[in-house]
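Here's a quick tour of the charged side-chain pairs in this protein. Have the structure open while you read.

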Amino acid sequence: MESMKTSRIAAVLVVAGLLALTACGGGTGVGPGEIQKREAQLRDRLPIDWNKYNTADYQGGIEFFSKTLEQADAQEGVERVKNHVKSEAQSGIGWSFFQLQNLAAAEQAFAQATALDRQNADAWAGWAGVALAQSEFNDVAQFSSQALETDPDYNSATRVDDAGRLLGHDNVDERHLRLMLAEAFFQLGRYSAVDRADPNNAAAQVRLGNQDFRFKDPGQLLQAISDLAVELQSTTN
């Protein structure tokens, strides 16, 4: 009986010890409050990183975003939060390489960003731009559509996180995505679908930018895409 009592006491002590470890952050001495504080500090880095990018110092931006990645990897915290921060940092690296015209590096960064967070519309938009520069029109259609599905009102310049931190850059919005879609569908030979309500064609995307447009022939459609591109450039410069 005495040995059974001793065993029960030992078991209680083990459970109590495990609970104590859990309460203090898994045995690291870092409690939930401290973890949340560190996560907030990590998120606070992102506006600084984007500010560096917005000075047109793209190599410096890569260094800033890379440092944030390192800190996220080293920090204890909720995996979802870390992945969100890492996705944003990878997206920033992607946009920086895109500006430096290093398309291979930009593509790799955007791929990692979207793998970490499938809801990162900014990364999908950047990846669509890279695909367009590489004339990968199926990818352009896929990535632009993914960006619009994730955020129908996408605007890179006015982006904020859920705490109001400013993450804006460049001046790309849903009109650019639809223009890329129109170009991709045109190059893929998907000019129009007059017999059904199908947005997956060039004419439908042009019509979203110009409600008066009516498809007649590919030449007229190409001219409409060109006109929209010129108009969009004049309003965003």
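## The overall count

A search through the whole structure turns up ten salt bridges. Keep in mind that this is a predicted model. A few of the pairs are walked through below.

## Asp 57 and Lys 52

Let's start with Asp 57, whose side chain meets that of Lys 52 in a salt bridge, with 3.1 Å from N to O.

## A pair within helix H3

Next up is Glu 70, which forms a salt bridge with Lys 67; their closest N and O atoms are 3.9 Å apart. Both sit in helix H3 (residues 58-74), and because they are three residues apart there, about one helical turn separates them.

As for accessibility, Glu 70 is partly exposed at 48%, and Lys 67 is partly exposed with a relative accessible area of 41%.

## A link between H3 and H4

Now for Lys 86 and Asp 73: their side chains meet in a salt bridge at 2.9 Å, N to O. Lys 86 belongs to helix H4 (residues 79-99) while Asp 73 belongs to helix H3, so this pair ties together parts that lie 13 residues apart in sequence.

Lys 86 is buried, because its relative accessible area of 15% falls under the 20% cut-off. Asp 73, on the other hand, is partly exposed at 49% relative accessibility.

Notes: Residues are numbered from 1 along each chain as its sequence is written. This is a predicted model: local features need pLDDT of at least 70, side-chain atom pairs count only at pLDDT 80 or more; totals for chains, interfaces and linings use all residues. Side-chain values use heavy atoms; hydrogens and water are left out. A salt bridge is a side-chain nitrogen of Lys or Arg within 4 Å of a carboxyl oxygen of Asp or Glu. Helices (H or I, at least four residues) and strands (E, at least two) are DSSP runs, numbered from the N terminus. Buried means under 20% relative accessible area, exposed over 50%, partly exposed in between (1.4 Å probe, protein chains only).
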